[in-house]
Amino acid sequence: MKKKFIKISKISLVLVLLVILAGSFVRMTGSGMGCPDWPKCFGYLIPPTNISEIEWSPNKKYKKGIILRHKGKLIVSKTNFVSKNKIRYSNWENYTKHDYSDFDATKTWIEFINRLIGVIAGLSTLVMFIFSLKFWMKKNILIINSILIILGMGFQAWLGKLVVDSNLAPYKITVHMLMALLIISLIIFSIYKAQEDEKNITRDTFLKNLVLLSVFVSLFQIVIGTQVREFIDLQYDLYGPNQKNQWLSAPNFYFYFHRSFSIIILLLNLGLYYLVKSRNYDTILIKKIGFIIFLEIVVGIVMYYIDFPFMSQPIHLLLAIILFSYQFYWMLNVKSLKNDL
């Protein structure tokens, strides 16, 4: 049962990472409003593939909650009915949560797939909880943690609704990202507690503090990165997808800070590698961390000098999340000496 729990926990972790990757792809392609409502898409479980599906038609069955694009605005059906030869406005009301009404089938399905992956990730965490019940007599912390993960996934889904209803308000997107990091941390904690083994624990207070610092530094860098991303989104709206060379023609403060702060992250982790090596500790994790930092810097350079190649932004974010995940897991495996007292 222990192995099964660890396996489903790792699957859940991968799925949450995929949700973040998909969400970043949604943002990169400007597909966040591909579905104007939540959790359905234009009122349908399966989204439309052609604009004709969301335009009024005579002699057609409409269910309550179906959303159409009519005269440049969104309208929603108030009840179940069959349309006549002419539209009867008494059957419809204006969609008032936002005024976004564009339709692009590709963007709609990109957003739908993003949501679908999120649902699968949520179901996976539910299976985690079911498996955690077997630990009731030994490690009931796993049950409590699994409940927190499910609550976190539910809260994250609610945040997703708020993001759509607000027409992608930037600060809500940032909160959405931070919540994803919290869920990842909780899943990693479950994996750690399930396979906890004193033989794999390092007792070093100074190393513990440095690893803890590296976690907070990476978290701070991710938050600053979301501000840079918001700036890029504004440039996308200003110049469009065909003028990527203009997106960073006049970078803001957050961009320069984010770029310079990466040097601090690099130096801090080089120091960690030197410390681990000099004290003859296991270097597997710090080597993985170092490799991810290297890839992260390379992708950052590519985005700047080669004008944001396809998928470079989602990969850049995914690497940052993986870096944070490894550092957080490492932090759990390093204990202070005072714990022995």
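The bridge partner of Ser-77 in strand E5 is Trp-92, where strands (E, at least two residues) and helices (H or I, at least four) are DSSP runs numbered from the N terminus. The model is predicted, so that local features need pLDDT of at least 70 and side-chain atom pairs count only at pLDDT 80 or more, whereas totals for chains, interfaces and linings use all residues. Residues are numbered from 1 along each chain as its sequence is written, and side-chain values use heavy atoms, with hydrogens and water left out.

Strand E3 (residues 73-77) pairs with E5 in the antiparallel sense over three bridges, pairing being assigned if DSSP finds at least two bridges between two strands. Three strands form an open, antiparallel sheet in the order E2-E3-E5, of which strand E2 (67-70) and strand E5 (92-94) are the edge strands, each pairing on one side only.

Helix H6 comprises 26 residues and reaches 38 Å from its first C-alpha to its last, close to the 38 Å expected at 1.5 Å a residue, the expected span being 1.5 Å times one less than the number of residues. Among the buried residues of H6 are Phe-255, Phe-261, Leu-268 and Val-276, buried meaning under 20% relative accessible area (1.4 Å probe, protein chains only). The cover over the buried residues of H6 includes helix H5 (205-239), H7 and helix H8 (312-332).

H6 is followed by Asn-280, whose phi is positive, near 60°. Thr-283 lies in the loop between helix H6 (253-278) and helix H7 (284-305) and counts as buried because its relative accessibility is 13%. Residues up to four places away in sequence aside, Thr-283 touches Val-276 and Lys-277, contact meaning heavy atoms within 4.5 Å.

Methods. Buried means under 20% relative accessible area, exposed over 50%, partly exposed in between (1.4 Å probe, protein chains only).
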